[in-house]
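Reader: I have a two-chain model on my screen and some questions about how it is put together. Can we go through it step by step?

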Amino acid sequence: MHAGRYDTLAIVLHWTMALLILLTMGVGFWMSDLKPSPDTIKIYNWHKWFGLSVLALAVVRLIWRATHRPPPLPAHTPRWQRLAASGGHWGLYGLMLAMPLTGWLQNSASGFPLSWFGLFKVPALIARDRQAFEFWQDVHEMLAITLAALIALHLAAALKHHFVDRDGLLWRMWPRRKPAVEEA
Amino acid sequence: MRVCAMWIGVLLASQAAAAEFRFDQSSSELRFDGDYLGEAVPGRFERFSGVASFDPSQPLTIRFRTEIEVDSLNTDYADRDDSLRAPEFFDVATHPRALWESDGACRAQGAGWECPGRLSLKGQTHPVPITVTALADGSGVEGRATLDRLRFGVGTDDWADPETIGPAVEVRFLLRWIKP
């Protein structure tokens with residue numbers, strides 16, 4: 001048993017969402033330059049389906065976060081790093097909700113019907129409106145760039161802890177336990 | 001039939017012989033529902049004009065002629081409107097106007113009439129019948145039609161794929177006469 005490890009649910013949520021978010025963002029940045037076609041529509045739909053999945057998982061994740069304490073940071077962590085870690089994580093939590101929600105708002109304003117993997121209909125949040133569409137499109141795009149930057153920082157911090165500080169912080173969230181040899 | 005009696009009453013009150021009535025664009029509507037992945041995406045044409053001519057003694061001989069400025073289409077979303085104006089869909093640059101014209105007498109159907117006619121759209125003309133009912137207050141008519149977008153070449157190449165955008169388009173209209 002390794003103390004200071006996230007529980008299984010948190011680890012599964014983290015990596016599932018990491019994969020989904022990177023996929024959704026990648027498709028999102030790529031598709032915005034595509035010419036309109038039935039294939040483009042299909043690609044947009046996959047982006048929307050992934051995004052709605054992220055939203056559902058983000059809700060589960062925030063419930064987990066509200067009912068659990070994450071494992072403590074190493075005792076020697078400086079105050080500025082504690083603040084940065086906390087701010088970065090809450091920024092990521094916020095964007096996990098805000099990205100899909102602003103996409104959903106943008107889609108509602110465009111008047112395109114929305115579903116989840118074609119399985120069930122997802123209602124519009126607001127009425128069709130050109131100005132509202134442009135507003136939410138801008139917000140969605142700005143948040144996407146913010147999220148990309150936060151993910152890059154998150155990744156850089158994790159790698160620095162692992163390879164530079166060698167403080168074992170990454171093992172808190174790694175899908176496998178720390179090998180016994182290293183633990184000794 | 002009550003509606004028909006009212007209709008004839010309005011006609012008799014306003015005109016004695018065959019007459020032409022122009023549509024009042026500001027209070028008339030021409031809407032359509034496209035089928036996108038099985039769900040309706042509504043739109044409208046904002047500029048259209050037309051006349052109805054009829055002989056009050058023979059209301060079923062009513063004739064309509066409506067000219068639609070295709071460029072005035074509006075689905076409340078700029079990218080979609082641009083796509084619809086493009087050559088693959090309405091090709092408004094080459095075919096700026098559509099025309100629906102009666103080509104025979106109407107026949108009574110339920111509370112209204114079914115009227116034969118032809119739609120000219122994007123350089124093609126095909127029969128598209130309409131069903132019409134008189135508005136209860138005598139100010140005009142409302143009605144609907146269903147047409148197959150693919151017969152008019154609206155949505156070519158990849159866009160002809162009926163799975164993304166269904167072939168059937170529902171058209172609904174509300175036409176009010178300009179008050180004499």
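Reader: Which residue is the bridge partner of B:Arg31 in strand 14 of chain B?

Author: This is a predicted model, so every value here is computed from it. Strand 2 (residues 29-36) and strand 14 (residues 168-176) of chain B pair in the antiparallel sense, over 5 bridges. One residue on, B:Phe32 stands opposite B:Val171. For B:Arg31, the partner in strand 14 is B:Arg172.

Reader: How many bridges join strand 13 of chain B to strand 14 of chain B?

Author: Strand 13 covers residues 140-148 of chain B and runs antiparallel to strand 14. B:Gly143 stands opposite B:Phe173 of strand 14. The number of bridges joining strand 13 to strand 14 is 9.

Reader: Which strands stand at the edges of the open sheet of chain B?

Author: The open sheet has 8 strands, with antiparallel pairing. Its order is 6-3-2-14-13-12-9-8.

Reader: What radius of gyration does chain B have, and what would a compact globule have?

Author: Chain B comes to 2 helices and 14 strands. Its C-alpha atoms fill a box of roughly 55 × 30 × 25 Å along the principal axes. With 180 residues, a compact globule would be near 16 Å, and chain B agrees with that at 17 Å.

Reader: What share of the residues in chain B is buried?

Author: Buried here takes 20 or more other C-beta atoms within 10 Å. Among contacts between residues at least 6 apart in sequence, 54% join residues at least 24 apart. Of the 180 residues in chain B, the buried share is 29%.

Reader: Which residues have the most contacts inside the largest nonpolar core?

Author: The largest nonpolar core has 35 residues. Elements giving two or more residues to this core include strand 2, strand 5 (58-69), strand 13 and strand 14 of chain B. Leaving aside neighbours within four places in sequence, B:Cys115 is in contact with residues including B:Phe64, B:Cys106 and B:Val132. The residues with the most contacts inside the core are B:Phe90 and B:Cys115.

Reader: What covers the buried residues of helix 2 of chain A?

Author: Helix 2 (residues 38-67) has 30 residues and reaches 44 Å, close to the 44 Å expected. Its buried residues include A:His47, A:Phe50, A:Leu52 and A:Arg61. A:Phe50 also belongs to a second, separate core of 7 residues. The cover includes helix 1 (8-31), helix 3 (79-110), strand 1 (114-116) and strand 2 (120-122) of chain A.

Reader: Which elements of chain A give two or more residues to the side that touches chain B?

Author: The contact involves 12 residues of chain A and 14 residues of chain B. By class, the chain A side has 6 nonpolar, 3 polar and 3 charged residues. The elements asked for are helix 2 and helix 4 (130-165) of chain A.

Reader: Is A:Phe163 buried or exposed?

Author: A:Phe163 is found in helix 4 of chain A. From A:Leu73 it is 90 residues apart in sequence and 17 Å apart in space, C-alpha to C-alpha. A:Phe163 has 9, so it is exposed.

Notes
Residues numbered from 1 in each chain as written. Chains lettered and ligands numbered in written order. Predicted model: local features only at pLDDT ≥ 70, side-chain atom pairs only at ≥ 80, totals over all residues. Helix = DSSP H or I, 4+ residues; strand = E, 2+ residues; numbered from the N terminus. Expected span 1.5 Å × (residues − 1). Buried ≥ 20, exposed ≤ 12 C-beta atoms within 10 Å, placed from the backbone. Contact = placed C-beta atoms within 7 Å. Nonpolar A, V, L, I, M, F, W, Y, C, P; charged D, E, K, R; others polar. Rg over C-alpha atoms; globule rule 2.2 N^0.38 Å. Pairing = 2+ DSSP bridges. Core = buried A, V, L, I, M, F, W, Y, C linked by C-beta atoms within 7 Å.
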